[in-house]
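User: Could you walk me through reading a model like this one? I would like the general idea each time, then the case at hand.

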Amino acid sequence: MASLLKEPLFEISAQGPAPNKDFYQLSITKSDVIWRYWKISLRNASRNAKPGEQRESHQDYLEDTRLQSQVGLVFGQGIQAYTLALGRGCYDYLERLPDALLLRILAHLQLEEVGALGQTSHRFRKLCSSEAFWEQAVRGHWETVPAEVGSLGLELGWRRVFFTSKLQLQKLISRQRQQLREEEEEEGEEGEGGLITEASGTPEAFWDSAGSSGTVLSSGTGDSAYTESLSDSDTVSDPHSPRESGSGSGVVDTWPKEGGVDM
């Protein structure tokens, strides 16, 4: 696990609270806590002041209440508590794992748990909202995803495909097929243009496994408290066809609107 600890362990910078206009940077390495500051003042005495630096070991920082207070004043009590935890050797290894490994972990969580994890930090919010996660969610829930559904995921986004109803996806695929036929006719080509012909890979087989009201990932439990509703303006539908009654997904959005502290 020690290989996951890259230098620096943590780094942050900000301007001091009003009326202070000085700039501060806090950097924590595996061995030191580094406090840097830049005086910003119109006073003659401070106009030519050079940036300063204070460096001390983790143990010294844990005993330096004055520096701890400065960190809390500039960056907030949450950052202060986090730096003290790092000084004690309490490292957040989960936050430091590579995305590929975190995605494999997310594959074993229910959507309610993924939504809660997305609230813990900016990194997890970004990862839990990523196209890589939603593609994994779609592909991991069924043995076979048709190529036509995959093309919709690339074009419209896998998250929309995940929450769009069966009827709307069928309409979009039908429109794709029609456009493909028209292009082939214009080019004088024959045939179906590469449409999936294997029974296990057809959209019809996909609908049978997906159900009649959209898709819900639940890690095999058949139940998930994390679902989302696509509004009339956000629902994936055929732009050339009128909206049909009852064609939406009809589920409730509980995705967190704000992320946590990025640490």
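**Reading the model**

Analyst: Let's start with a helix: in α9 (residues 131-141), the buried residues are Phe-133, Trp-134, Ala-137 and Val-138. They sit on the same side of α9, because their arc around the axis is only 135 degrees. Buried means under 20% relative accessible area, exposed over 50%, and partly exposed in between (1.4 Å probe, protein chains only). The arc is taken from the directions from the helix axis to the C-beta atoms. Helices (H or I, at least four residues) and strands (E, at least two) are DSSP runs, numbered from the N terminus.

User: What covers the buried residues of α9?

Analyst: The cover includes α6 (99-106), α7 (111-117), α8 (122-128) and α11 (158-163). This is a predicted model, where local features need pLDDT of at least 70 and side-chain atom pairs count only at pLDDT 80 or more, while totals for chains, interfaces and linings use all residues. Residues are numbered from 1 along each chain as its sequence is written, and side-chain values use heavy atoms, leaving out hydrogens and water.

User: How many salt bridges does a search of the whole structure find?

Analyst: A salt bridge is a side-chain nitrogen of Lys or Arg within 4 Å of a carboxyl oxygen of Asp or Glu. The search finds seven. One of them pairs Arg-123 with Asp-99 (2.7 Å, N to O). This pair links distant parts of the chain, with Arg-123 in helix α8 and Asp-99 in helix α6, 24 residues apart.

User: Is Asp-99 buried or partly exposed?

Analyst: Asp-99 is partly exposed, at 40% relative accessible area.

How values were computed. Contact means heavy atoms within 4.5 Å.
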